[in-house]
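Hi,

Here is the model I said I would pass on. Have a look at it first, and then read on for my notes.

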Amino acid sequence: MKVFLPALLVVVTVLISASVKADNFNVDKVYHPYVLPFEREFEWRLTSRQNDDGNVLMQRFSYGHALSERVVLEGYIVGSRDEYDDFGMEGYELEIRWMLTEQGKYWADWGALFELEKQHTTDDWEATAGILTEKEFGRFSLTTNFMLVYEWGETVENEFEGEFRMKYRYRWIPEVQPAVEFYAAEGYVGVGPAFMGIRRFDGQRQLKWELGFIAGLNGDSKDHTLRMSLEYEF
Amino acid sequence: MLSVPYRTLIALSFISLQAKAAMPEAIVEIKNHLFSPQEVIIPANKKVRLVFINHDATPEEIDSFDLNREKVIFGNSKGTIYVGPLPPGTYRFFGEYHPNTAVGVVRVVRPEALPDAD
């Protein structure tokens, strides 16, 4: 583990920085590779990125429903604030998460992610395929997301991009689980503290929350992202 | 002091522990929204297969923050939860649909402390 983690970081950072330049990367969330049957959820996410170019605010609202014991489908409406400070719809997205292995059965747990996103006002598309992993180390968990993104459309250049996300979490108590998150994409490397927690109610109802503060390390004098999310499962 | 049926149930769980040398297995049955046995004893530092057999017609969701596991067991069905390797200790689990009745613990002990280890 002592060698594995730094080596993984170096390899991923070098691979991603060697690619073409970034255009629209946003810190979002690190996905876990797990799905539960009967899973239904509403989710709200917010990311606010402040850098030398100003503030980019993004919100996502979604509804997810398990299609089977191992697959969940989620639909998103993405909103953002434009340069005139008006908040409006930016796009919509469909996402499938697929739990590939039983939790704890193998050395690590594996899942897959597929996303298709379309911009609301332009004919621009983005398709993503990703591999999700999670490995337990006692009360710690290491979660990684390797993503391959293809963009095409009328205002974007047709290109492949790579993304890497990682979370190292300490499962302290259900309500508060501190973590460190790391994000790398073309032209972006960010790291920072994050917290997540879960509060259970009757039956299957539960509320999950996440909060993270990611500092960009890619050369800008100022590049901070605050991200938060609330997820209600029922 | 444990009652005789309770001790019997714990003892039964040891029998299944000997199952496969590669991965010990313990069986927990769900009946009338109760786990049986309610206490499962497994060896430390080994991966163990916990097989839940649900005799109820309704599903149960096994949940444990201690074990970091969540798994739905459908009605009249069975499902497996893989745990460990774990250090000695007590790890609680419960059924999300019947949290007041469906409660249990996994007690992880050193292999030499297992009751059938002579």
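Let me start with the contact between the two chains, keeping in mind that this is a predicted model. Chain A puts 21 residues into the contact and chain B puts in 18. Together they bury about 1,800 Å², and carbon and sulfur atoms account for 49% of that area. If you want a reason for quoting an area at all: interface size is often given as the accessible area lost when the parts come together.

Five salt bridges turn up across the interface of chain A and chain B. One of them pairs the side chains of Arg200(A) and Glu70(B), at 3.9 Å from N to O. That distance still counts because the cut-off for a salt bridge is 4 Å. On the chain A side, the residues that touch chain B split into seven nonpolar, seven polar and seven charged. As for polar contacts between the two chains, nine residue pairs make them, counting pairs with both residues at pLDDT 80 or more.

Now chain A on its own. Of its 234 residues, 47% are buried. Taking the contacts in chain A between residues at least 6 apart in sequence, 49% join residues at least 24 apart.

The aromatics are worth a click. Over all chains there are 14 aromatic pairs. Take Phe42(A) and Tyr63(A): the ring centres are 5.1 Å apart and the planes sit at 45°, so this pair is tilted. Phe42(A) is in strand S1 (residues 40-51) and Tyr63(A) in strand S2 (residues 54-66), so the pair ties together parts of chain A that are 21 residues apart in sequence. How accessible are the two residues, Phe42(A) and Tyr63(A)? Phe42(A) has a relative accessible area of 46% and is partly exposed, and Tyr63(A), at 33%, is partly exposed as well.

A second pair to check is Tyr150(A) with Phe160(A), where the centres are 4.6 Å apart and the planes are at 45°, so this pair is tilted too. Tyr150(A) belongs to strand S7 (residues 140-153) and Phe160(A) to strand S8 (residues 159-170), and the two are 10 residues apart. Tyr150(A) is partly exposed at 27% relative accessibility, whereas Phe160(A) reaches 53% and is exposed.

Glu134(A) is buried, with a relative accessible area of 2%. Its side chain makes a polar contact with the side chain of Thr143(A) at 2.9 Å. Leaving out residues up to four places away in sequence, Glu134(A) also touches other residues, including His32(A), Tyr34(A), Asp109(A) and Arg169(A).

Finally, some backbone details. Chain B has a cis peptide bond between Ser36(B) and Pro37(B), with omega at about 0°; Pro37(B) is in the loop between strand S2 (34-36) and strand S3 (39-43). The bond from Gly84(B) to Pro85(B) is cis as well, with omega near 0°, and Pro85(B) is found in the loop between strand S7 (77-83) and strand S8 (89-95).

Phe38(A) sits in the loop between helix H1 (4-17) and S1 of chain A and is partly exposed at 36%. Asn68(B), in the loop between strand S5 (60-64) and strand S6 (69-73) of chain B, is buried, with a relative accessible area of 13%.

One more for chain B: Pro24(B), in the loop between helix H1 (4-17) and strand S1 (25-31), is buried at 6%. Pro24(B) and Lys46(B) are 22 residues apart in sequence, and their C-alpha atoms are 8.0 Å apart in space.

Cheers

Key
Residues are numbered from 1 along each chain as its sequence is written. Chains are lettered from A and ligands numbered from 1 in the order in which they are written. This is a predicted model: local features need pLDDT of at least 70, side-chain atom pairs count only at pLDDT 80 or more; totals for chains, interfaces and linings use all residues. Side-chain values use heavy atoms; hydrogens and water are left out. Contact means heavy atoms within 4.5 Å. Buried area is the accessible area (1.4 Å probe) that two parts lose on being put together, summed over both. A polar contact is a pair of N or O atoms within 3.5 Å; within protein, one must be able to donate a hydrogen and the other to accept it, and residues adjacent in sequence count only if both atoms are side-chain atoms. Ala, Val, Leu, Ile, Met, Phe, Trp, Tyr, Cys and Pro count as nonpolar, Asp, Glu, Lys and Arg as charged, and the others, Gly among them, as polar. Rings of Phe, Tyr and Trp (its six-membered ring) pair if their centres lie within 6.5 Å; planes under 30 degrees apart count as stacked, over 60 as edge-to-face and the rest as tilted. Helices (H or I, at least four residues) and strands (E, at least two) are DSSP runs, numbered from the N terminus. Buried means under 20% relative accessible area, exposed over 50%, partly exposed in between (1.4 Å probe, protein chains only).
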